[in-house]
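Okay, I think everyone's here, so let's get going.

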Amino acid sequence: MADCLFCKIVAGQIPSAVVYQDDQVVAFRDINPQAPFHVLVAPTRHIATLNDIGPDDHALVGAMIGRAAALAAENGYAQRGYRTVFNCNAEAGQTVFHIHLHVLAGRSLGWPPG
Ligand code: 5GP
Ligand code: ZN
């Protein structure tokens, strides 16, 4: 999608610290990290919000979650713990309308979230 920040990151038109990429997903460090480890796992294909996910996308979302778990484990957080978050629309704080799974780790994460 032409005006989408994360589509531009996927295409390499905007630089980012990519930690993983394949045909389906890309993972890169959040530019404003909220924890010592904070990466975003996004599909290479544009999907605006979780509300736009259909049955055909379930395998893709599963791949995103699996990649989040793998990245957490590779970085030493499997046992310590980590948090995965999809924000959807305004009240959840979504600011980039290309779905992405936040993976946060490296500090104690409070609950409930703000
Ligand atoms: P949301 O609020 O939509 O759930 O999360 C968007 C995330 O994207 C935020 O945590 C924000 O820091 C991050 N972000 C915004 N612009 C950029 C950028 O240009 N590069 C990277 N790597 N992250 C970004
Ligand atoms: Zn996009």
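Predicted model: local features only at pLDDT ≥ 70, side-chain atom pairs only at ≥ 80, totals over all residues.

I'll start with the overall fold and then move on to a handful of individual residues.

We have one protein chain with two helices and five strands. Reading from the N terminus, the order goes α-β-β-β-α-β-β. How compact is the chain? The radius of gyration comes out at 14 Å, close to the 13 Å you'd get from the globule rule for 114 residues, so the chain is as compact as a globular protein of that length. If you like boxes, the C-alpha atoms fill one of roughly 40 × 30 × 30 Å along the principal axes.

Now burial and contacts. Of the 114 residues, 35% are buried. Take the contacts between residues at least 6 apart in sequence: 53% of those join residues at least 24 apart.

The chain exposes about 6,600 Å², and 52% of that comes from carbon and sulfur atoms. For the charges, count 7 positive and 9 negative side chains. The centres of those two sets sit 12 Å apart.

Okay, residues. Where is it? His98 is in the loop between strand S4, that's 82-85, and strand S5, 101-105. Buried or exposed, would you guess, for His98? It's buried: the relative accessible area of His98 is 0%, and the cut-off for buried is under 20%. So what does His98 touch? Leaving out neighbours within four places in sequence, the contacts of His98 include Cys4, Phe6 and Cys7, and also the run Ala42, Pro43, Thr44, Arg45, His46, Ile47 and Ala48. With one of those, His46, there's a side-chain to side-chain polar contact at 3.4 Å.

Staying in the loop between S4 and S5, have a look at Asn89. Its phi is near 70 degrees, which is positive, and this isn't a glycine. As a reminder, most residues other than glycine have a negative phi, and most peptide bonds are trans. Asn89 is partly exposed, at 31% relative accessibility.

Speaking of peptide bonds, which one is cis here? The bond from Trp111 to Pro112 is, with omega near 5 degrees. You'll find Pro112 in the segment after S5.

Next, another proline, Pro55. Pro55 sits in the loop between strand S3, 37-43, and helix H2, 58-74. With a relative accessible area of 70%, Pro55 counts as exposed. For a sense of distance, Pro55 and Arg107 are 52 residues apart in sequence, and their C-alpha atoms are 35 Å apart in space.

Last stop, Ala78, in the loop between H2 and S4. At 41% relative accessible area, Ala78 is partly exposed. Which residues does Ala78 contact, once neighbours within four places are set aside? That would be Ala72 and Ala73. Ala78 and Leu40 are 38 residues apart in sequence, with 17 Å from C-alpha to C-alpha.

Note on methods:
Residues numbered from 1 in each chain as written. Chains lettered and ligands numbered in written order. Heavy atoms only, no water. Helix = DSSP H or I, 4+ residues; strand = E, 2+ residues; numbered from the N terminus. Rg over C-alpha atoms; globule rule 2.2 N^0.38 Å. Buried < 20%, exposed > 50% of the residue type's maximum accessible area, 1.4 Å probe, protein only. Contact = heavy atoms within 4.5 Å. Areas by Shrake-Rupley, 256 points an atom, 1.4 Å probe, with all protein chains shown as cover. Lys, Arg positive; Asp, Glu negative; His and termini not counted. Charge placed at Lys NZ, Arg CZ, Asp CG, Glu CD. Polar contact = N/O pair within 3.5 Å; in protein donor to acceptor, adjacent residues only side chain to side chain.
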